[in-house]
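Okay, thanks everyone, let me put the model up on the screen.

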Amino acid sequence: MPDANHLAAIDTLLAVLLTLFLAGRTGYLRDKYKIAAPAITGNPAFERAQRTHMNTVENLVLFIPLLWIATIYYGGQVPFWLGLLWIASRIVYMFGYAQQNTQMRGPGAGLGFLTLFALLILGAIGVAG
C-alpha cells in the first residue's frame with residue numbers, strides 16, 4: 001500500500017476529476033437546453049446539474065485542506081478511506097439531485113458532511129497530538 005501522502009494525492013486527483021466531470025456535464029446540459037451564459041436558470045435538469053457542480057466546488061474548498069491536514073498530522077490510511085467516501089458521497093449526491101425529487105440529494109449531502117467532519121476531527125487530533 002502506498003504511503004499516506006500518495007494516498008491523499010490519489011484522493012485529490014479523483015476529487016478534481018469528479019469536479020471536472022461535473023463541469024463538463026453542466027456544460028453539456030447548458031448546450032443541450034440552449035441556456036446561454038451567464039444564465040444559470042432555464043431547464044430544471046440543467047439547474048440541478050449546475051447546482052450539483054457548484055455544491056461540489058463549494059465542498060471541495062473544505063475537503064482538500066481537511067484531507068491533507070488529516071493526512072499530514074494524523075497519518076495512516078484512515079484519511080484516504082474517508083476521502084474515497086467523500087468522493088462516493090458526491091456521486092450519490094449527483095445521482096440523487098439529478099432526480100426530479102431534489103430531496104434525494106440528502107443522503108449524499110449527509111454522507112459528505114459526515115466525512116468532512118471526520119476529517120476535521122482527525123486533523124484536530126493529529127495537530128493536537
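This is a predicted model: local features need pLDDT of at least 70, side-chain atom pairs count only at pLDDT 80 or more; totals for chains, interfaces and linings use all residues.

Buried here means under 20% relative accessible area, exposed is over 50%, and partly exposed is in between, with a 1.4 Å probe and protein chains only. And the cover over those residues?

Helices, by the way, are DSSP runs of H or I with at least four residues, strands are runs of E with at least two, and both are numbered from the N terminus. The protein chain has four helices and zero strands, so to speak α-α-α-α when you read along the sequence.

Now the rings. I pair Phe, Tyr and Trp rings (the six-membered one for Trp) if their centres lie within 6.5 Å; planes under 30 degrees apart are stacked, over 60 edge-to-face, and the rest tilted. By this rule there are four aromatic pairs. One of them is Y93 with Y97, edge-to-face at 5.5 Å centre to centre and 75° between the planes. These two tyrosines are four residues apart in helix 3 (residues 78–98), so about one helical turn separates them. Y93 is buried at 4% relative accessibility, and Y97 is buried too, at 12%.

Then there's F113 with F117, a stacked pair: 6.4 Å centre to centre, 15° between the planes. Both sit in helix 4 (residues 106–128), four residues apart, again about one turn. Why does that spacing work? An α-helix has 3.6 residues a turn, so residues three or four places apart point the same way. As for accessibility, F113 is exposed at 54%, and F117 is partly exposed at 44%.

I count a charge over a ring if NZ of Lys or CZ of Arg is within 6 Å of the ring centre and within 35 degrees of the ring normal. R90 lies over the face of Y93, 4.3 Å from the ring centre, and R105 has its charged end over the ring of Y97, 5.0 Å from the centre.

Last bit, the core. A nonpolar core is a set of buried Ala, Val, Leu, Ile, Met, Phe, Trp, Tyr and Cys residues joined through side-chain atoms within 4.5 Å. The largest one has 16 residues, and A15, F63, W86 and L119 touch the most other members. Helix 1 (4–32), helix 2 (44–74), helix 3 and helix 4 each give two or more residues, with helix 2 giving the most, five. Leaving aside neighbours within four places in sequence, L119 contacts F63, L66, L67, A70, P79 and L82.

Terms used: Residues are numbered from 1 along each chain as its sequence is written. Side-chain values use heavy atoms; hydrogens and water are left out. Contact means heavy atoms within 4.5 Å.
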